[in-house]
Amino acid sequence: MLPGMGYQVRVEPSGKTFEVVGGDSLLEAALRAGLPFAYGCSNGHCGQCRARLLAGRVETVRHHDFSFGEAGTLAGAILSCAVTAASDLVLEAGEAAGVEQIRPQSLSTRLHEVTAVDEALALVTLRTPRSQRFRFVAGQRARLSAPGLPPLELGIASCPCEEGVLRFDLPRVGDAALATALLEGRLRRFSTIGVDGPEGRFVLDTDDPRPLLLVAVDSGFAAIRSLVEHALALEQCPALFLWRVATRPPGLYLDNLCRTWGDALDDFDYRPHQLPGADAAAVAALADALAATLPEEPLATYVAGPVALAEPLAERLRELRGGRGALYLETAGCPG
């Protein structure tokens with residue numbers, strides 16, 4: 001394999017394809033490409049990511065304890081977390097047909113890092129146990145909990161391909177004691193944080209080839225960030241329009257990340273806007289102005305944010321677009 005090139009993998013029975021580059025395991029490459037492969041620990045212990053090699057050659061990249069037995073080995077059984085492609089492949093592998101097929105999980109994670117953006121928002125990173133991995137689809141959310149504190153539901157900001165890592169954008173909201181404890185440093189590194197879920201159907205329809213309009217209002221940027229990462233991983237990423245609307249501090253945090261996405265894609269239109277103290281009418285007026293910059297063709301539109309602002313914005317977009325294309329709204333997990 002030449003540097004910078006990869007091997008193509010076709011998955012049966014779905015017929016979907018993905019590319020394996022470098023030493024990535026088949027599981028890592030599939031998740032990075034947005035394919036919802038079945039898996040559990042991702043470390044070669046549980047066997048949930050087992051697949052059958054129908055054509056091609058693989059190489060082992062990770063030791064695994066799981067045993068298929070002689071019959072399984074003769075039938076071409078492999079663990080997708082433990083091998084990489086050594087040629088183009090055809091695999092028979094389990095995939096979730098929809099989010100409803102991802103089983104509920106309850107993990108005990110460790111607090112890895114809390115990075116304060118300002119006094120009202122922090123970026124939180126959790127580490128899952130080596131023997132477990134939290135399975136979700138980009139755009140879903142999870143419930144966080146700590147001993148003695150009520151749980152808090154948040155959109156997952158990370159990509160499913162990030163092994164052992166879960167990221168969240170944590171705003172200071174109302175009486176959310178868990179958010180306050182994290183923002184004020186009362187929960188320190190290696191503290192135990194429970195994670196339950198995943199929840200939600202705010203996920204990309206990868207069978208829809210239409211251009212994407214992704215709209216993030218304030219804390220809705222977490223879910224939208226995960227969707228962008230998913231879209232970037234697709235072999236044929238559609239044209240993408242990203243709107244960010246910030247109505248409160250800290251404003252357009254991670255703005256440089258959004259501009260980096262624009263540098264990585266030819267067909268990417270990023271429109272950041274700050275409307276301090278804006279109400280629903282101001283956000284709807286902004287939608288009127290921005291809608292004039294969109295193409296006439298139908299779009300797949302995803303809007304995420306606190307309900308008081310995201311809901312009227314989505315409704316206004318529906319009116320302006322005349323019902324053309326699909327529209328998805330996420331307000332749960334977007335504190336405001």
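1. **Cavities.** This predicted model holds two cavities of 30 Å³ or more. A cavity is a set of points, on a 1 Å grid over the protein atoms alone, where a 1.4 Å probe fits but cannot get out. The largest cavity has about 100 Å³ of space. Its volume is the space filled by probe spheres set on the points, with grid points joined across faces, edges and corners. Its lining residues, which have an atom within 4 Å of a point, include L31, Y39, I102, R135, F136 and H230.

2. **How to read the numbers.** Residues are numbered from 1 along each chain as its sequence is written, and side-chain values use heavy atoms, with hydrogens and water left out. This is a predicted model, where local features need pLDDT of at least 70, side-chain atom pairs count only at pLDDT 80 or more, and totals for chains, interfaces and linings use all residues.

3. **H230.** Helices (H or I, at least four residues) and strands (E, at least two) are DSSP runs, numbered from the N terminus. Is H230 buried or exposed? H230 is buried, at 7% relative accessibility. Buried means under 20% relative accessible area, exposed over 50%, and partly exposed in between (1.4 Å probe, protein chains only). Leaving aside neighbours within four places in sequence, H230 is in contact with G34, A138, L204 and T206. Contact means heavy atoms within 4.5 Å.

4. An open sheet has the strand order 16-15-14-17-18, with parallel pairing. Strand 16 (268-274) and strand 18 (325-330) stand at the edges, each with a single partner strand, so one side of each has no neighbour in the sheet. Two strands pair if DSSP finds at least two bridges between them. Strand 17 (residues 299-304) is joined to strand 18 by six bridges. One of the pairs is A304 with E330.

5. **Strand 1.** In a regular strand the side chains alternate between the two faces of the sheet. Strand 1 (residues 7-12) has a covered face of Y7, V9 and V11, and an uncovered one of Q8, R10 and E12. Four bridges join strand 1 to strand 2 (residues 17-20), running antiparallel. The two form a hairpin with four residues between them. Strand 1 also runs parallel to strand 7 (residues 89-93), again with four bridges.

6. **Cysteines.** How many disulfides are there? The count is zero, where a disulfide is a pair of cysteine sulfur atoms within 2.5 Å. The sulfur of C49 is 3.7 Å from the closest cysteine sulfur, in C81, which is too far for a bond.

7. **Backbone points to check.** Most residues other than glycine have a negative phi, and most peptide bonds are trans. A cis bond joins G197 and P198, with omega about 0°. Another cis bond joins P249 and P250, with omega about 5°. D218 has a positive phi near 50° and is buried at 10% relative accessibility. L254 has a positive phi near 60° and is partly exposed at 30%.

Key
On a 1 Å grid over the protein atoms alone, a cavity is a set of points where a 1.4 Å probe fits but cannot get out, and a pocket is an open set with protein on both sides within 12 Å along at least five of seven lines; lining residues have an atom within 4 Å of a point.
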